[in-house]
Amino acid sequence: MRKRLGILFWIAVLWIVLVVFLAIFRDSLPIADPVARLARSGECERFERPSWSRWFGCDNAGRDIFARSVEGARPALVLGVVVTGIAGTIGTLVGVISGYIRGLFDTVMTTIVDISLAFPALVLLIAVSVAFEPSLRVFVIVFSILGIPGYARIVRGATFALAEREFVDASESMGATRARIVRRELLPNVALPVLSFAFIGFALVIIAEGGLAFLNLSLDGITWGKEISEGRHFIVDHPHVSLIPSTVMFLTILAFNLVGDGLRSLVAPREVATARRLHIEGTPEPRSEGDDAVLRIVDLSTKLHTPGGLVEPVDQVSLSLAPGEALGIVGESGSGKTMILRSIVGAFPLADVTRAGTVEVDGVDMLRSADTVSRRTLGTNIGMVSQNPLTALNPVRRVGDQVIEPMIVHGDLSRADARERALELLQQVGIPAAERCLREYPHQLSGGMRQRVTIAIALANEPKLLLADEPTSALDVTVQDQILRLLDGLRRERGMGMVLVTHDLAVVKGFTDNVAIVYAGQVVEYGPTAEIFANPQHRYTVALMNSMPDLNLPSHSELTTIEGAPPSLIDPPSGCRFAERCPAVQDKCRTDDPVRAGTDVHSYSCWFPMSEHPVEVS
């Protein structure tokens, strides 16, 4: 956790703890009286500068600025805590209920919140402070009223997304009341975003109080705002009188903002991942003469630097794909299939990633080329179809805009020409009423139609390589077959190379030319699809085939499964990674890494392949 939040976060936490400690225990600490005029007793001179005896110096009346700064922290902290507690609690409840119940309640609350946010807060603060004598009670009421809409807006947005999640549907299906769902399912999930915003809101309260002090509308007693306001008259000759409390106030506000941003980063991984550190190691493998592969991968390794340790989901992977061919990548969930595709395009869920080896797409080095070159290749020569079209499409943009955009950015087409081309693409991928579809939003389409739209976007700039990451996993069986046949037909028609990632061997058997069996980040068997199905060599490949349902078996026959689970990729075992689940395992399998065997066409990594040991090794 410390590594994720960073050193600035913990420095900010330390500063907040220090300020709170001094404010709470000021009376018990050897700190001067903040209102005592020390100049009269000779303990301090007027406008005395900071020294070892007086850390912050003294002000125009000979009062200790350090003691006054500590005293000024008390009303700031009390005001911030009380206002944040009241506004955060009420705003969170309003936001959760509005985002979950929706309907008329949501409409009314959204209107009230919008009006509240549109009203100038400073005007209200000044008006109330003038009408009523400034006091802590008045400030708490006004600041709380002004803070509630902000919390409500943020929580409502978060609740909208949470209310669509499966765990909420499950609670509803089990008969849970709305109150219980709000209390047990929704509130715990919005707690961290609310806490992160609370720290930022806390800082805003301190700023507001300081601003009112310049208008002589501050609280009674000593506050940071008053100190700054009083010291501004001496800013030229004695700047420390105003600058020191300003610095204390600034550092406190900055600390609360840093803590709030740090907490927000825990629930906003995409924002964290924007500052990427993509490291490249080694040198590329030169291309042999006459090699026209559209995709060439040689000894590709990908390492993810995570808080839990170094993870290597792709380990020494080598693949090749000719124009017009289809390559299937097969394996269990977590085997590294999707990470191979991510390693090709350079898109990762984490910020700190190291890649090594060679990845070439149509002759372009995707690991070492300049950003402009790799982006151009990604936009023109590579098309990608993800497994969840609902998250792949922008929910607030029309379908037509999303299909048109890559053609305008990378294809140098006018908007009119791009729109005409988009219409043709939608028709080509089998979308009826394509003209109407261009004007619709993703949520207005069915799952199959959304997937067809993502295929149209992937084909917008006539790519030479299509990457399909389990494109049918969220679809019903009938639509799955339609989508797979569509992809296969487009591949043959356009002469594209296609990489199809799936966990379904039946899909691979019917729609690919070659297949790579992946286990624990490694390609354990690779070759022509027909050859591997007819003559599998690796025990994992055989286990996958045996796990396929057989319609010729009697009804209620028990399905074959692979016992155990894949190993952790943080600390993978020595030897063959499939050893602990293999029925033919020997001592050698657990200690020695298997070497690649077979031919250039059909290769595998196994000490005891099926051709040499067709039965289980004893």
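I started at a turn today: strands E10 and E11 form a hairpin with two residues between them. In that turn I found Ala 520 with a positive phi of about 55°. A reminder to myself before going on: this is a predicted model.

E10 and E11 (residues 522–528) run antiparallel and are joined by six bridges. One facing pair I noted is Ala 516 with Tyr 526 in E11.

Then I checked for another partner of E10. Strand E4 (residues 326–330) pairs with E10 in the parallel sense, over four bridges. Here I saw Val 330 standing opposite Ile 517 in E10.

Is E10 buried or exposed? I found six of its six residues (514–519) buried, so the strand is largely enclosed by the rest of the structure. In a regular strand, side chains alternate between the two faces of the sheet. I sorted E10 accordingly: Asn 514, Ala 516 and Val 518 point one way, while Val 515, Ile 517 and Tyr 519 point the other, and all of them are buried.

Last, I stepped back to the whole chain. I counted 24 helices and 13 strands in it. Of its 618 residues, 47% count as buried. The radius of gyration came out at 32 Å, whereas a compact globule of 618 residues would have one near 25 Å. I also noted that the C-alpha trace spans about 100 × 60 × 55 Å along its principal axes. Among contacts between residues at least 6 apart in sequence, 67% join residues at least 24 apart.

Note on methods:
Residues numbered from 1 in each chain as written. Predicted model: local features only at pLDDT ≥ 70, side-chain atom pairs only at ≥ 80, totals over all residues. Heavy atoms only, no water. Rg over C-alpha atoms; globule rule 2.2 N^0.38 Å. Buried < 20%, exposed > 50% of the residue type's maximum accessible area, 1.4 Å probe, protein only. Contact = heavy atoms within 4.5 Å. Pairing = 2+ DSSP bridges.
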